[in-house]
Structures are given as structure tokens and as C-alpha cells.
Amino acid sequence: MKNKTLYNYILGIADNTLILGQRLGELCGHGPSLETDIACTNISLDLLGQTRSYFQYAAKIKGEDATEDSIAFLRTERQYVNVLLVEQPNTDFAYTIGRQFLFDVYHHLFLQGLQQSKDVNLSAIANKAIKEVGYHQRFSSDWVKRLGDGTEESKQRMQNAIDDLWRYTDELFHTTESDDEMISEGVGVNVSELKEPYYNKVKQVLEEAKLNVPESKWFQKGGKRGIHTEHLGYILSDMQYMQRTYPNMTW
Amino acid sequence: MTVVQGVNIDDVLFPILEQVSDPEIPVLSILEMGVVRSAIVKGNHVKVKITPTYSGCPAMDVIGDDIKKALQDHGYTSDVELVLSPAWTTDWITPKGRKALEDYGIAAPLEAEADKEVLLKGKRLVKCPQCGSTNTRMVSQFGSTACKAQFQCDDCQEPFDYFKCLK
């Protein structure tokens, strides 16, 4: 492969949208209400659409007989480099919303950066995706406020979700080796610079939602190096089942 | 050659491409939708470039196949390429397209600022495609497809889709 760093860099972006899209897809027919069911699956569709654009580009770079599908379906757990946040399960609706909100705020800031990328393919995908992610962020922020400033139970559940998921937020801002190289070439986004605007935005919404901003400084990491929580394996076994059972099957 | 907002479609292809519609919104031709960015004839081969409305829009594959079929019916071979840049915006829906949406029962997108007021602050600005009242409210930010939101009219009580502004 000629440009392995760029390839790895793209996986670092697209594995997040792939795994979160898959997680949200699990809610199809299982959302707490028809509207939220449709919303979560629509967001899933946007994310998977973005993933396809990234993986089609990655497949071109990889060459040989790589396709968007082989990249999505035929890697092992340690080869996925998504952040731990996006693989967390749909414990309850507050948890789903909390995960979405904590990712959306990051995702929007990240895409703003990627729009400036010197790589025309990546900036084109970012220009497209950011419009969709604006809607995602509105949806999840809105629900954080509704649940946080809702009943005693919804408030408690929303607070529990934020407290629980908080440990996965710091990893979003860690840079990898391929990040460093891509940043120096003007292709990649320096995610470490997004930390401050991210926590400012998150705090603003949590305060509006009358929720406490967690103070814990204890954070989890590993996803970007392929070291995942136990949850990823289960998603992959679900996601990869058809390709593993019937290799090379197509629709 | 006709150029509309960077669009480049050979005149001879207009009547053919006009027949191809968005499978989710059959009244709307893909030309009125603004998804065809260029269509150029060379001999009897046509190169078409289309752009997706939303990244995950499942209609794009069907649209691509329908374009190929329509061109084939007129004796052309073709290839259809998906381009992402510049990104599609609801501004590219033509006035005729907006009219077709309304007639079909889908409220056409508002300007970006008004759209925000409606989706975020619950302002009543979207015109009901059934009775024309703006006494309408959002039921859900996401509707039957990624590009639409669910609304209800509080005058005639009809539920309807609103095509969200995308800029």
C-alpha cells in the first residue's frame, strides 16, 4: 500500500461512524417511541452513509481487491480503531442519548476541522457530513435537556448516563501516530485542540439541562489502538455474521 | 449547454433525465431535485455525475440504475459517477420542484434561519400543504426519510412531511 498512514487515518475516522451507526441501527423497531425510533435509525443511516464514503476512499488507497465491504466486515476486533465511547451498549434511552450527545459535539467540531483538510476527498466528505451532523447534535442536545429537565426519574437516568460515559470522553482528544503525520501534512485534524471547545459546549448543554457536570478525572482509553471494551466483540459478531458464514456474499 | 449553479447538462439529455424521478418522491424529477450535476454526451455514450442529498440516502443506487435504464432506452450507453463536492443543498431544488413537493403533500424547505426557528424553538412557520395554514407544529425532527421531519397541522389536523433545509 502506497499511503498506509492515510489509510489508517481514514479508518480512525470511519470506524467511529461505522460502530455508532451499527449501535443505533439496533434500535430499529425497538425505540422507546415511534419518533425516537425513526430518529435514531435515520441518524444511523447518515453515519453509515458517511462511513461508506470514507471506506470507498480507503479501498482505493489500499488497492488490491479491497472494497468498502471488505474493510467494514472482514477485520478482527483488534483491527478496529474506533473510540470506546461509540461501542457502548444501548443500556436505556438516556444512555443512548448521552452517548450520542457526547459524540455529536465532538463529531461536529472534528468535521469543521476536516473541512479544511488539504485532502480534497476528505474535505468533500466533511462538507457533506457536517450538515447532517448539525441535525444530530440538535436532536441529542434537545433530548439531554428534555430528560435532564424532565421528571425525577428521567433526570436521574440522564445523570447516570453522563456520569458513566464521561470516562470515555478524554480519548476523543488523543492523537495517534497517523494523526500526527497527517496533521503535519495539513490533511488531519489536531483533535487535541478540540478539547477545550468540546467541554465548553458539553458543559453549556448540561447546565441548561440542569444536570451536574461530572468532575471525575479518571478516563478510559484504548480504542484508538484497537484495545476495546467487551462490547465491541458482540457488535462485530452480529455485524459480520453474514460475511463470515457466507464469504463474499452480496445482496 | 445549459449551466445552472455549476450544473452542466447537454440539452439533448434534458427530456430523458426529466423522466427519471426520486423513488421516494415520485412526483419529483431528479433534475428538479438538483441531484444531477453534469451529463455529457460523446458519440452515443453519456457520462453522468450525480450527488447524494444525504450521505446514506438509499435512493442513490436506484437513481443511478434508473438513469442508466432511461438512457439505454434512448440508445445511449452510460456511466454514472457519484460526486460529493460541492455538497448538495436544498437551494438546488428548483421552483418547479418545490411546487411539485407541495402538490404531493410535502412542505418545501424554508430558509435556513426560519428552519432553525421551527425545528429548535417550535415556531409555527411551516405552511400546511393541505390547507395552507401555518398553525403547524413539529412532531418529530426526523421523518419517513432522512431528509424530512414530521409535522402536524393544528387547523386541518392533517399530519405531513416537511423537507428540512440543508445548507
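Analyst: What follows takes these topics in turn.
This is a predicted model, in which local features need pLDDT of at least 70 and side-chain atom pairs count only at pLDDT 80 or more, while totals for chains, interfaces and linings use all residues. Residues are numbered from 1 along each chain as its sequence is written, and chains are lettered from A in the order in which they are written.

User: Which radius of gyration does chain B have, and how does one read it?

Analyst: The radius is taken over C-alpha atoms, and the globule rule is 2.2 Å times the number of residues to the power 0.38. For the 167 residues of chain B a compact globule would have a radius near 15 Å, so the 17 Å of chain B agrees. Its C-alpha trace spans about 55 × 25 × 25 Å along the principal axes.

User: How many residues of chain A are in contact with chain B?

Analyst: Two residues are in contact if their C-beta atoms, placed from the backbone, lie within 7 Å. Here 20 residues of chain A are in contact with 18 residues of chain B. On the chain A side, α2 (34-62) and α6 (120-148) each supply at least two residues, helices being DSSP runs of H or I with at least four residues, numbered from the N terminus.

User: At what angle do α6(A) and α7(A) pack?

Analyst: Axes are lines fitted to C-alpha atoms over the stretch in contact, and angles run from 0 to 180 degrees between N-to-C directions. α6(A) and α7 (residues 152-165) of chain A pack at about 130°, with their axes 7 Å apart. That makes α6(A) oblique to α7(A), since angles under 35 degrees count as roughly parallel, over 145 as roughly antiparallel, 65 to 115 as roughly perpendicular and the rest as oblique. A:V144, A:L147 and A:G148 in α6(A) meet A:S154, A:K155, A:R157 and A:M158 in α7(A).
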